[in-house]
Amino acid sequence: MIVFTITNNTTEDVWVGTCKDSSDERFQQYQEAMALGVKHQFYKDLSDFGVQNFTVDDFAVAHDREELKDIFGKDGKISKLFKKGAIDDTPEEPPEATPE
């Protein structure tokens, strides 16, 4: 599983996501999902700032769930690195990352 970041180059907010194959393909899926009207800050930001103002970067690779837990830490957050929480496929607001 690939852990990737999507950075808003205007606000410097960073979102974290996971995918199986390609972070670029996953970002394309998020762009296509904008048309569905999902009420989530991430999609609002994509619309407000434009997809051209976001950068996608691979952050880490986890070969199993244990490695994924190691990457995200005990509390499920990469809190020292990111301002915002993980991208979730549900329309609920993801948890905010807090400093350790």
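**Exercises on a predicted protein chain**

Of the 100 residues of the protein chain, 37% count as buried (under 20% relative accessible area, with exposed over 50% and partly exposed in between; 1.4 Å probe, protein chains only). The model is predicted, so local features need pLDDT of at least 70 and side-chain atom pairs count only at pLDDT 80 or more, while totals for chains, interfaces and linings use all residues. Residues are numbered from 1 along each chain as its sequence is written, and side-chain values use heavy atoms, without hydrogens and water.

**Exercise 1.** State the pattern that the protein chain follows along the sequence.

*Solution.* Step 1: the chain holds three helices and three strands (DSSP runs numbered from the N terminus: helices H or I, at least four residues; strands E, at least two). Step 2: read along the sequence, the pattern is β-β-α-α-β-α.

**Exercise 2.** Determine whether L68 is buried or exposed, and list its contacts beyond four places in sequence.

*Solution.* Step 1: L68 is located in helix α3, residues 65-72. Step 2: its relative accessible area is 14%, so L68 is buried. Step 3: leaving aside neighbours within four places in sequence, L68 is in contact (heavy atoms within 4.5 Å) with M1, V3, T18 and A62. Step 4: L68 and V3 are 65 residues apart in sequence, and their C-alpha atoms are 8.3 Å apart in space.

**Exercise 3.** Classify E25 as buried or exposed.

*Solution.* Step 1: E25 belongs to helix α1. Step 2: E25 has a relative accessible area of 54% and is therefore exposed.
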